[in-house]
Amino acid sequence: MKKLISPKSIVTVDSKENIFNGYSVEVEDGIIKKIAPTSEFDLLKFDGEIIRCSGYTLIPGFVQTHLHLCQTLFRGLADDLELLDWLQKKIFPFENEHTADSLKLSTQLGLNELISSGTTAIVDMGTLRYQEVIFEELISTGIRGYSGNCMIDINELYPKFCISTADNLSMSRDYAKSFHNSSNGKIKYAFSPRFVLSCSERLLKETKEMMIDFDGSMLHTHSSENKKELEIVKQQHGLRNIEYFDSINLLNDKSILAHCVHVDESEINILKKKNVRVAHCPSSNLKLGSGIANIPLFIKEGISVSIGADGAPCNNSLSIFKEMHIAALIQKPSHGPTAMDAKTVFKLATIEGAKALYLENEIGSIEEGKKADFVLLDLEDAEQSLDENSIYSKIVYSADKNCVREVFIDGKRIVENGKCIFYDEEELLSVGKEKLVELLKRI
Ligand SMILES: [Zn+2]
């Protein structure tokens, strides 16, 4: 099926950072076939769907590189706590009580929110049990990305939420065998040891070895998020978090580390040397009082940085618009107002996310030959700047999820008039409430 989309503007994020006005995008078989001035297309003879959206701005689908779909059900139930209390008192007990049914609802609520706010590729941390539920839901929506069974073989914070090293490894291998490269190659496996305090050295080392059998898989974990966490890592291993990971040879260019808030100079050198991918989660870092990652320095050092909303109970929104806004603002008091300008932040949420996941030849920008994953935004709201040239500013500083009107993955429309076509939001919320009540009773 062919489509011709004629928006007001196209923010390409291509290598020349072209912004086209009065251009159209032709899509065929899920691929962007041609981008040219609308006058070059013969609209009368076009044998496909013509989408006239002259008020809208077409941008690449957003990429979020750190999420917990399993936590969406717990939004609002774990506020105003620091990381270790947040995990011990709330999140580990909640995740431990998931059934396949409650996990499905949580995943659906998360995907509905992500997709309807313009995110078309994700990295999800999974949870300890019923991981197949998450994969099945990802596949049914057609979203692109990585997920994997969250691995925990030590848990001093909440011992019930833990399984043996051997079971962690065998489950991850089985899930990787079943789901890596599924959904026409759109779903890939992310081996997901939760964080250093919940993983034995054997688990981490054998996970790294197992990745060799799954070409294109990634390693996804948390690192250096909170000062108390770091003190315990130092007591247990005599090293800082990233130094420890490096000492057991865990890190390389297939590693995604969420947070990296508290890192010293030698750890920054490790991130750089090993070409590690940093997933920046600014609102989560602020709400849990963790701190502010030195993103301007990481970018200056050439370290891969992309953005993720983290879990719904720690921010409390999965909208990339909120993350971009906060990512830009939090650096300015320390680094000056020119740090993290709107264009830089927009690129972190699109092409840099794609690069972090080795998907830059497929997604992350609007270019001929790439997959047709894109978003149509209505930026004509009264709150928006009237200056036609400040499009990145409009998107990063003024827009929000309500500006998302349509979303396409592989050229298929999955959001229409701001609503994700896969889900009935009211029904999700109503069934979600029931599942949450049942879950809380089990604790
Ligand atoms: Zn996280």
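User: Which residue in β16 stands opposite threonine 57, and what makes β5 and β16 count as paired strands?

Analyst: In this predicted model, threonine 57 stands opposite leucine 377 in β16. Strands are DSSP runs of E with at least two residues, while helices are runs of H or I with at least four, and both are numbered from the N terminus. Two strands pair if DSSP finds at least two bridges between them, and because β5 (residues 49-60) and β16 (residues 374-377) are joined by four bridges, they qualify as a pair, in the antiparallel sense. Residues are numbered from 1 along each chain as its sequence is written. Since the model is predicted, local features need pLDDT of at least 70 and side-chain atom pairs count only at pLDDT 80 or more, whereas totals for chains, interfaces and linings use all residues.

User: How do you know that β1 also pairs with β5?

Analyst: Seven bridges join β1 (residues 2-11) to β5, and the two strands run parallel; here lysine 3 stands opposite glutamate 49 in β5.

User: Why is threonine 165 called partly exposed?

Analyst: A residue is buried if 20 or more other C-beta atoms, placed from the backbone, lie within 10 Å of its own, exposed if 12 or fewer do, and partly exposed in between. Threonine 165, which lies in helix α4 (residues 165-179), has 16 C-beta neighbours inside 10 Å and therefore counts as partly exposed.

User: How do you know which residues threonine 165 touches?

Analyst: Two residues are in contact if their C-beta atoms, placed from the backbone, lie within 7 Å. Leaving aside residues up to four places away in sequence, threonine 165 touches Asp153, Ser200, Arg202 and Leu203. Aspartate 153 is twelve residues from threonine 165 in sequence, and their C-alpha atoms are 5.3 Å apart in space.

User: What makes lysine 90 the place where α1 bends?

Analyst: The bend at a residue is the angle between axes fitted to the seven residues ending there and the seven starting there. In helix α1 (residues 83-96) this angle is about 35° at lysine 90, and proline 93 follows within four residues. Lys90 is also one of the buried residues of α1, a list that includes Trp86 and Phe92, and the buried residues of this helix pack against α6 (227-237) and α16 (425-442).

User: What makes up the side of domain 1 that touches domain 2, by class?

Analyst: The contact takes 14 residues from domain 1 and 20 residues from domain 2. In domain 1, α15 (391-398) and β17 (404-409) each supply at least two residues of that side, and α15 gives the most, with five. Ala, Val, Leu, Ile, Met, Phe, Trp, Tyr, Cys and Pro count as nonpolar, Asp, Glu, Lys and Arg as charged, and the others, Gly among them, as polar. By these classes, the side of domain 1 that touches domain 2 has eleven nonpolar, one polar and two charged residues.
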